[in-house]
Amino acid sequence: MIINTGQRTDIPAFYAPWLLRRLEEGFVMVRNPFNPQQITRYRLSPDVVDCIGFITKNPAPLLPHMAALRPYGQLWQVTVTPYGRDIEPNVPPKEQVLADFRRLSERIGPEGMIWRYDPILLTEDYPVDRHLVEFERMCRTLAGATDTCVISFIDLYEKVKRNFPEVRPVPQEARLLLGREMVRIAGENGMTLRPCHEGDELAAFGADCSGCMTLAAYERAIHARLKPPVKQPRARECACHLTCDIGAYDTCGHLCRYCYANANAGAVRRTMAQHDPHSPLLTGHVHPGDRIHEARQESWRDGQVCMAGLDL
């Protein structure tokens, strides 16, 4: 099975000691955000966890502890954008994250690394031309460390509109211009551009519109075929294979203004204050009356080995 860590928060950046303790103790608990008294307990044994999926803006806290992750397959998506502290107030300097990306790639291999340049948004400080210049610079820096770049254009969820009221949708003309040029630049640096949840709009330019966190991406990362239970994508436009996520909403201290997973800065401060690195839950503790459900888990590997470069 696949354990995801990055749909609700950034665990490597802010909760690395907690994750390492969970791996050591061999289990984790996750509170249902829509039914708070319901908790699911997952075993974190390599016998049943085929791959751990990470999405992070700062992998550095886990880099000294890769030995603890070695028994597991890993697929890392590291987000690096051109935005400054006006939009991403607590993200480390870009050059540091780019360097850490390359260090991580050296340890797990480029096939386990995906660079996310998203979301793309336009302002007076970040016009189309600046995006293309910064994208090309980053492509050159990451060339050889990954062969995949995922992009998306900003989605105006209610949380985003509340925390970033001046942001606007990216017009189609700009999307097509950016998409065409980014496909070209990525290709010149040995990368395939994959739009995330953007339909087939950029397919005509050579973008791979099959999805970003697909089953094939996990298989390439772990060099093995997977046979998961039948699963429906979360939305018609999304082909990603999303299984259990062990994070929690309102816990990401990056406080990016475009974030869909944080309600507001106050909620994040209150929720992060409830974090206990010794608790099996990311925030808080198990309470009387909580209902704990043992997840049904099994390995999805079918025993066939696949090569890193195989087109699945």
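Reader: Hi! Which helix is Arg 270 found in?
Author: Arg 270 belongs to helix α9, residues 265–272; helices (H or I, at least four residues) and strands (E, at least two) are DSSP runs numbered from the N terminus. This is a predicted model, where local features need pLDDT of at least 70, side-chain atom pairs count only at pLDDT 80 or more, and totals for chains, interfaces and linings use all residues. Residues are numbered from 1 along each chain as its sequence is written, and side-chain values use heavy atoms, with hydrogens and water left out.

Reader: Thanks! Is Arg 270 buried or exposed?
Author: Arg 270 is exposed, at 55% relative accessible area. Buried means under 20%, exposed over 50%, and partly exposed in between (1.4 Å probe, protein chains only).

Reader: And how many residues of β6 are buried?
Author: Eight of the eight, so β6 is largely enclosed by the rest of the structure.

Reader: Nice. Which strand pairs with β6 over four bridges, and in what sense?
Author: Strand β5 (residues 73–79) does, in the parallel sense; pairing takes at least two DSSP bridges between two strands. Thr 79 stands opposite Arg 116 in β6. On the other pairing, β7 runs parallel to β6, joined by four bridges, and Trp 115 faces Cys 149 in β7.

Reader: Switching topic: how many residues does α7 have, and how far does the helix reach?
Author: Helix α7 (172–188) has 17 residues and reaches 24 Å from its first C-alpha to its last, close to the 24 Å expected, taking 1.5 Å times one less than the number of residues.
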